[in-house]
Amino acid sequence: MRDLSYAAVMARKNAIMKASMGMDYDTFALSPVAFDYERMMRETGYSLEDVARIQADTKVGNTPLFELTRLTEAVRRTAAPGKGATILVKDEAANASGSFKARRASISAYEARKKGYKGLAAATSGNYGAAVASQAAMRGLKCIILQEVFDSKGIGQPEIVEKSRACEAYGAEVQRLSVGPELFYQLLMTLEETGFFNASLYTPFGIKGVETLGVEIAQQVRARYRKDPDAVVITHAGGGNLTGTARGLLAADCKARIVACSVDLGGLHMASDSDFNRKSFTTGHTGFGVPFATWPDRVDVPRNAARSLRYMDEYQLVTQGEVFYVTELLTKLEGLERGPAGNTSLTAAVTLARQMDRDQIVVVQETEYTGAGKHHNRQLSFARENGIEVRVGDPAGNVPGKTIVLPEHLDQVRGRVQDMDKLRRSYLKNAAKAHPVAAWTEADLAFLASDLKVDAAWVQQASAEL
Ligand SMILES: Cc1ncc(COP(=O)(O)O)c(C=O)c1O
């Protein structure tokens with residue numbers, strides 16, 4: 001008989017992880033913080049060409065890149081003379097299951113099938129569940145998705161409820177949980193009981209799958225405009241979207257500025273039952289974006305392959321109201337009805353394009369499908385049902401969890417930036433909790449410098465101030 005107490009299951013965590021992925025993370029470890037990241041990525045055994053071939057088999061990749069001519073024109077009308085970059089969007093909604101998450105799930109599904117696992121399991125409330133379920137369906141594998149859907153009153157966030165339906169439609173079993181710490185425990189029990197492959201969002205297989213997105217952007221922009229994009233804007237939650245895309249851009253030798261973007265939900269607590277249904281965005285927001293950027297290893301695998309500060313040049317914040325406004329604009333000007341996550345980076349792209357020169361190019365790196373509970377009109381009525389004021393005005397008046405202000409004009413879509421050094425220092429504080437600064441070696445400093453896209457001298461100086 002297995003001991004299923006919380007403590008006993010947690011104590012078996014490393015063995016369960018090893019069995020459910022066939023990967024031993026201990027072999028990459030250099031210290032309590034440092035590890036050989038590139039070797040971990042390489043040892044997946046998949047080249048970019050392999051990944052593209054595998055994805056083509058399951059309706060993933062080669063998505064269209066559209067020039068948003070009418071939106072670009074509208075932004076130019078709010079810009080200074082000579083300003084107003086061309087805005088392009090990579091239509092990732094065209095992937096099977098409707099988002100870039102199909103890229104992320106595709107290699108895990110292939111690997112699981114190759115190694116003889118009977119099914120896939122993943123803990124995710126987002127598009128990733130639908131992506132895993134859809135890839136599992138095409139590979140003839142079973143699938144279990146664990147989701148945090150409800151608050152303690154049993155009220156489900158409409159977007160997550162919609163994703164439960166999507167997962168079930170693709171044939172997955174969905175375990176619906178309320179907000180709380182039991183998700184990881186439940187995942188471990190499921191993996192142990194079923195012997196399924198752990199299709200965690202944060203494995204190197206997942207991030208390898210996203211690299212093709214960056215490569216395609218570089219190739220498509222070059223083919224059409226005979227030059228590289230100047231900036232690529234990427235919606236950030238757990239950071240895998242940014243990490244994989246940026247790695248793909250680098251592999252294609254494209255040096256575009258990498259801009260992260262999240263919806264500002266400052267002041268709302270993600271683990272809080274009462275705040276759970278006071279937000280209109282279930283991903284791409286700071287409630288995930290900041291903690292994951294500043295400590296990636298808070299996940300369901302020993303080391304996270306999604307390490308966004310390694311690649312990020314800038315981090316833009318936008319408000320919920322601005323994203324809803326730009327969502328309407330995309331629909332009405334460009335005839336594309338798309339979901340909240342991609343439209344978050346589209347919103348930041350409006351601000352960036354306005355500041356950039358006319359002959360420059362900014363790429364919005366993804367779209368996602370929308371409809372039902374994901375639709376912005378459903379989210380706005382849900383906000384009202386939860387006592388949140390929705391009004392039109394200056395988006396500076398947005399208060400997460402209290403007020404959503406929809407801008408009156410496009411020139412009110414302004415966003416703001418986060419202080420990158422503050423994020424980096426916050427990461428170092430977290431690293432110091434895992435491994436005291438006094439014990440940091442040259443190897444630790446080198447790892448931390450790469451993880452933060454700075455030099456070792458910066459790390460040394462910042463750590464002296466901790
Ligand atoms: C469509 C879409 N875009 C962006 C993101 C953010 O990706 P990441 O969590 O890797 O930062 C998500 C994640 O839920 C998503 O579903």
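S97 lies in the loop between strand 2 (86-90) and helix 6 (101-114); helices (H or I, at least four residues) and strands (E, at least two) are DSSP runs, numbered from the N terminus. The model is predicted: local features need pLDDT of at least 70, side-chain atom pairs count only at pLDDT 80 or more, and totals for chains, interfaces and linings use all residues. Residues are numbered from 1 along each chain as its sequence is written.

**Backbone and exposure of single residues**

S97 is not a glycine, yet its phi is positive, about 80°. Another such residue is N62, with a positive phi near 55°. Most residues other than glycine have a negative phi. N62 sits in the loop between helix 4 (48-57) and strand 1 (65-67).

A residue is buried if 20 or more other C-beta atoms lie within 10 Å of its own, exposed if 12 or fewer, and partly exposed in between, with C-beta atoms placed from the backbone. S97 has 28 C-beta neighbours inside 10 Å and therefore counts as buried. N62 is partly exposed because 13 other C-beta atoms lie within 10 Å. N377, in helix 15 (residues 376-385), is exposed because 11 other C-beta atoms lie within 10 Å. N377 is 53 residues from F324 in sequence, and their C-alpha atoms are 8.8 Å apart in space.

| Residue | Other C-beta atoms within 10 Å | Class |
|---|---|---|
| S97 | 28 | buried |
| N62 | 13 | partly exposed |
| N377 | 11 | exposed |

**Domains**

The domain assignment gives domain 1 (6-54 + 99-202), domain 2 (60-98 + 205-417) and domain 3 (430-464); such bounds come from an automatic or database domain assignment. The centres of domain 1 and domain 3, taken over C-alpha atoms, are separated by 30 Å. Five residues from domain 1 and eight residues from domain 3 make up the contact between them, where two residues are in contact if their C-beta atoms, placed from the backbone, lie within 7 Å. On the domain 1 side that touches domain 3, four residues are nonpolar, one is polar and none is charged. Here Ala, Val, Leu, Ile, Met, Phe, Trp, Tyr, Cys and Pro count as nonpolar, Asp, Glu, Lys and Arg as charged, and the others, Gly among them, as polar.

**The ligand shell**

The ligand lies between domain 1 and domain 2, because both give residues to the shell around it. Of the 19 residues around the ligand, A237, G238, G240, T283 and A341 come nearest; a residue is near a molecule or strand if its C-beta atom, placed from the backbone, lies within 6 Å of it. Helix 11 (240-251) and helix 14 (340-355) each supply at least two residues of this shell. By type, the shell holds four nonpolar, 12 polar and three charged residues.

Strand 3 (residues 119-123) and strand 4 (residues 142-150) run parallel and are joined by five bridges. Among the facing residues, G119 has K142 as its bridge partner, A121 stands opposite I144, and A122 stands opposite I145.

Strand 3 is mostly covered, with five of its five residues buried. In a regular strand the side chains alternate between the two faces of the sheet. In strand 3 both faces are covered: G119, A121 and A123 are buried on one side, and L120 and A122 on the other. Strand 4 is also mostly covered, with seven of its nine residues buried.

A second open sheet has seven strands in the order 1-2-10-7-8-9-13, and its pairing is mixed. Its edge strands are strand 1 and strand 13 (416-417), each of which pairs on one side only. Strand 1 pairs with strand 2 in the antiparallel sense over three bridges, and L65 has K90 in strand 2 as its bridge partner.

**The nonpolar core**

The largest nonpolar core has 120 residues, of which L120, V132, V233 and V362 touch the most other members. Such a core is a set of buried Ala, Val, Leu, Ile, Met, Phe, Trp, Tyr and Cys residues joined through C-beta atoms within 7 Å. Helix 10 (residues 204-225) gives the largest share of this core, eight residues. Leaving out residues up to four places away in sequence, V362 touches A85, I87, P229, D230, A231, V233, A349, L352, A353 and M356.

Notes. Two strands pair if DSSP finds at least two bridges between them.
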